[in-house]
Amino acid sequence: MMGLPGTSKYITFLLLCHLGGRGNSCCVEKTSYPDEASGSSLGPRNLSCYRVSRTDYECSWQYDGPEDNVAHFLWCCFVPPYYAHNNFSQKCCCCFSSGRSRTVQFWEQDGISVLSKVNFWVESRLGNRTMKSQEISQYLYNWTKVTPPLGHIRVSQSQGQLRMDWNVSDEAGAEVQFRRRMPTTNWTLGDCGPQVNSGLHGSSSESCLCPSENKVQEIQIRRRRQLSSGAPGGPWSDWSVSVCVPPDVLPQAKIKFLVEPLNQGGRRRLTVQGQAPQLAVPGGCRNRPGAKVKKHLVLVRMLSCRCQAHTSKTVLLGKILNLSGAAYDLDVLAETRFGRSTIQKWPLPAQELPETRTLNVSLEGNMTSVQWAAQAPVTHSWSSKPTLDQEECYRITVFASKNPKNPILWATVLSSYYFGGNASRVGTPRHVSVRNHTRNSVSVEWTASQLSTCPGVLTQYVVRCEAEDGEWKSAEWLVPPTKTQVTLGGLRSRVMYKVQVRADTARLPGAWSHPQRFSFEVQISRLSIIFASLGSFASVLLVGSLGYIGLNRAAWHLCPPLPTPCGTTAVEFPGSQGKQAWQWRNPEDFPEVLYPREALVVEKPGDGDDGTESSQAAPERALDTRRPLDTERQVQRLSEARRYQREDYPRGDLAHVTLPLLLGDVTQEASVLDYLWKTHKTSEPGPPTLGQEA
């Protein structure tokens with residue numbers, strides 16, 4: 001073997017280690033043992049020896065290395081009691097072979113002292129190689145290893161924590177630890193603290209608290225004896241079996257319920273689509289039931305009958321259900337070790353029969369009675385207290401069942417509607433209006449009756465129209481309950497009518513609305529009025545325009561326009577021996593520009609050679625002789641020009657005669673023209689001559 005200096009020592013080792021179990025006797029002095037190498041990463045380690053009961057003891061260790069063809073040997077050396085009393089230091093050694101097992105059990109009869117100090121180590125032989133563990137020293141009698149929780153560990157939830165409880169049969173005073181892991185995490189160590197004996201008749205109960213998570217947890221427990229001084233009284237026990245805990249909040253399910261319509265028997269088929277969610281678990285919980293959901297259930301509760309206590313039934317998820325047309329609450333439940341929890345809610349609304357049946361409703365005091373005819377020639381009845389006297393719509397559905405406590409055994413018999421209270425008064429139509437439709441008809445409209453909100457209650461509207469002159473009796477029109485308008489024809493103009501509307505039910509006619517009075521008048525279209533107004537305006541405008549044009553032409557002939565001196569141009573007047581241009585003189589030649597206006601005096605030659613005439617014979621001529629000669633000549637030329645103008649322009653339009661005016665000669669021109677105008681007005685009719693104008 002490795003580490004042995006010679007063969008003799010190997011033979012001595014075999015002689016000292018008697019192979020066998022409990023029959024191995026010790027108290028053999030071991031004078032020599034193999035000198036093996038230490039510090040290797042392979043071989044036995046973590047050796048622990050302890051008492052497991054009153055007379056039984058045990059040593060256990062761990063081993064790293066190949067498992068095939070390995071042999072383990074437990075060595076223990078101590079000083080026997082009789083040597084200790086005699087002050088001998090001679091040691092006695094024992095050797096126990098365990099093969100490939102890493103546990104050796106022995107008792108006091110094997111010769112090992114349990115009251116004195118004992119040294120233990122393990123040697124592992126693999127082929128020609130021997131590997132040795134570290135030595136430990138123990139007083140076996142006081143170093144006790146307690147057992148882990150072996151029975152059922154109860155798990156409960158409390159305020160976001162997990163509480164685990166178990167029973168133990170050994171003495172109290174143990175220290176407890178736990179470790180836990182989740183599908184995606186490693187082991188985490190936790191301390192449960194010291195335990196106090198709470199059991200009776202030699203049994204005790206221990207508990208531990210650990211956090212609750214939203215994932216599956218795998219939890220294990222171990223214990224260790226604790227002395228009254230608080231010091232450990234032994235090694236840690238083995239870990240208990242795994243306790244698998246479901247998550248605090250289960251994932252929501254994605255399940256659908258497929259509902260079919262009501263059949264002739266008043267029931268509808270309900271099937272499930274989808275699967276419940278699967279939970280991820282750690283390695284130690286894959287084959288254990290604690291972490292998984294035990295089963296999925298469906299809680300069925302019937303809600304339609306408020307007058308009765310709600311009934312419920314729990315069935316397995318996936319079962320086909322046949323339910324009535326009532327409203328239900330369907331809760332998907334997951335059952336775990338903590339009980340049942342809801343993972344999905346599904347409200348199932350009520351479903352009515354395609355056809356409603358007639359109900360005979362009667363009110364007697366504070367009792368409402370409903371009667372209907374069943375499929376068999378039998379009349380059933382039902383009474384409600386208090387009465388259905390509120391002015392509102394009631395939906396009455398009749399269900400039947402042979403087992404009323406089971407909600408999945410009900411069936412729908414019939415469905416109908418009933419309007420409570422004074423339906424005639426409440427259902428009276430309001431806001432009746434009348435509008436012209438054609439020349440002899442009107443359109444009557446109204447708001448829908450309140451009874452129209454209650455299906456099957458309102459049967460029709462009745463419209464009544466009556467003439468107040470007495471020549472036409474009242475007439476009625478029947479209108480379907482879905483319409484709120486009717487056209488009344490055959491009306492006469494200038495007659496006062498009144499119209500009323502009522503809403504009838506199957507049980508009784510309704511009340512008439514407030515009469516709406518109207519007088520039918522033939523109305524002219526606004527478009528026609530607009531066209532007539534435009535035509536009148538166009539006619540007035542045309543007549544005015546024609547009159548204005550005619551008056552202008554008459555005024556033109558009756559009063560021809562006067563010449564405009566300022567707008568004229570220069571004109572040449574013909575003389576006796578040719579044409580002479582009329583030129584203005586300097587302003588100084590016209591004293592009227594600077595002095596007050598005076599009569600124009602024109603001097604003409606007489607019959608005598610001296611050219612004078614007596615003033616007594618012709619006083620007017622004496623007046624004319626005072627005119628300047630140049631002015632007289634200008635007058636003659638103007639008269640001559642006027643004569644030619646009249647010949648060229650028969651209408652006497654002088655606006656085309658223009659005279660060249662110089663700046664500063666305006667006053668002179670005005671004076672001359674003014675004189676010409678006056679002379680023209682005083683002359684006799686006929687073609688003017690120069691002598692007459694002069």
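Glu 391 is partly exposed, at 36% relative accessibility, where buried means under 20% relative accessible area, exposed over 50%, and partly exposed in between (1.4 Å probe, protein chains only). The model is a predicted one, in which local features need pLDDT of at least 70 and side-chain atom pairs count only at pLDDT 80 or more, while totals for chains, interfaces and linings use all residues. Residues are numbered from 1 along each chain as its sequence is written, and side-chain values use heavy atoms, with hydrogens and water left out.

The side chain of Glu 391 meets that of Arg 425 in a salt bridge (2.3 Å, N to O), a term for a side-chain nitrogen of Lys or Arg within 4 Å of a carboxyl oxygen of Asp or Glu. Arg 425 is also partly exposed, with a relative accessible area of 47%.

The structure holds 18 salt bridges, and one of them joins Asp 331 and Arg 301 (3.1 Å, N to O). Asp 331 lies in strand β21 and Arg 301 in strand β18, so this pair ties together parts that are 30 residues apart in sequence; strands (E, at least two residues) are DSSP runs, numbered from the N terminus. Asp 331 is buried at 4% relative accessibility, whereas Arg 301 is partly exposed at 28%.

Key
Helix = DSSP H or I, 4+ residues; strand = E, 2+ residues; numbered from the N terminus.
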